[in-house]
Amino acid sequence: MNILLANPRGFCAGVDRAIEIVDRVLELYGAPVYVRHEVVHNRFVVDGLKRRGAVFVEEVDEVPDGATLIFSAHGVAQEVRRAAEGRNLRVFDATCPLVTKVHLEVARHCKNGVEVILIGHAGHPEVEGTMGQCLSDGGTMHLVESVADVAALRIKDPSRVAYVTQTTLSVDDTRGIIDALREHFPEIQGPKKSDICYATQNRQDAVRDLAARCDLLLVVGSANSSNSNRLRELAEKQGCTAYLIDGPEDIRQDWLTALPRVGLTAGASAPEVLVEQVIAQLQAWGVAGVEEQEGIREQVVFPLPRELGARATS
């Protein structure tokens, strides 16, 4: 029995940038540094930053006057930015540039009087931030989570409507909702290129291939990670048993009693060290070796905010 290892897996460029922003700010300004919401959805990463002096809060009014505040990779609503500006805070923005791209699309549509439909999951911080890009222009936004939600939409002028999507959704599920929107609103405007990010697409493609070759798929990622949950769901839809695990401590040895072909991947917010720990645990239980997919070599790098300096090149 070997492990079939997904490629690509783990950190995307947006997550890598967000974590480095917190690291740099801690180095430059010292602890405590306040971060609005978990900078990325991974327990291991968040706990490590807490030990270094990051304080995670949910609202700007929890941050003391004059302190340093970082917005998480998921982005924030305009009213949150205004609240921070009025508090004499030193602010850094770790919003993923691909989320910022969606924010700019929403703002442009709202400024032009176009109603915007966001495809996403209610309650997710990225969705809350994106929904909050329209309010300052008096625009109207709608959230849909499923094909069934589309039929209930009430649009003032079907010739002036557009859609955007959360960046970490299932490509397959989103395609069905977009098809339903186009059926109901033939003149609907959409992004020139899918809003679902390259890393989400690449990791889902890798899992689609692994699920066809494995009996069991382990996805390293935290329960509140949207993209990690989509990887688990995708494998299950293909008939592969799949579990979401934070690390090796979550694996049950009885999952391996039937000597399954084991696939292993990691969500975009899970560090490689956790994948290595999972492999070590599986090998301690008798897994012979590791076979890695050829996959895609990702080379996307996002720059840091100018005031934090250039990134080191490897």
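**Aromatic pairs and a charged patch**

Tutor: In this predicted model, Trp255 is classed as buried, with a relative accessibility of 16%, since buried means under 20%.

Student: By what is a pair of aromatic rings described?

Tutor: One gives the distance of the centres and the angle of the planes. For Tyr29 and Phe92, the ring centres are 5.8 Å apart and the planes stand at 40°, so this pair is tilted. Tyr29 belongs to helix α1 (residues 13–29) and Phe92 to strand β5 (residues 90–93), so the pair ties together parts 63 residues apart in sequence.

Student: Is Phe92 buried or exposed?

Tutor: Phe92 is buried, at a relative accessible area of 2%, whereas Tyr29 is partly exposed at 36%.

Student: What are the distance and the angle for the rings of Tyr243 and Trp255?

Tutor: Their centres lie 3.8 Å apart and their planes are at 0°, so the pair is stacked. Tyr243 is in strand β10 (residues 241–245) and Trp255 in the loop between β10 and β11 (262–266), so the parts tied together are twelve residues apart in sequence. Tyr243 is partly exposed, with a relative accessible area of 28%.

Student: Which residues form the negative surface patch?

Tutor: Glu58, Glu59, Asp61, Glu62 and Glu128 form it. Glu59 sits in the loop between β3 (54–57) and β4 (68–71), and its relative accessibility of 42% makes it partly exposed.

Conventions:
Residues are numbered from 1 along each chain as its sequence is written. This is a predicted model: local features need pLDDT of at least 70, side-chain atom pairs count only at pLDDT 80 or more; totals for chains, interfaces and linings use all residues. Side-chain values use heavy atoms; hydrogens and water are left out. Patches are made of residues with over 30% relative accessible area and no salt bridge: like charges are joined within 9 Å, nonpolar side chains (Val, Leu, Ile, Met, Phe, Trp, Tyr) within 5 Å. Accessible areas come from the Shrake-Rupley method with a 1.4 Å probe; for residues, only the protein chains shown count as cover. A salt bridge is a side-chain nitrogen of Lys or Arg within 4 Å of a carboxyl oxygen of Asp or Glu. Lys and Arg count as positive and Asp and Glu as negative; His and the chain ends are not counted. The place of a charge is taken as NZ of Lys, CZ of Arg, CG of Asp or CD of Glu. Helices (H or I, at least four residues) and strands (E, at least two) are DSSP runs, numbered from the N terminus. Buried means under 20% relative accessible area, exposed over 50%, partly exposed in between (1.4 Å probe, protein chains only). Rings of Phe, Tyr and Trp (its six-membered ring) pair if their centres lie within 6.5 Å; planes under 30 degrees apart count as stacked, over 60 as edge-to-face and the rest as tilted.
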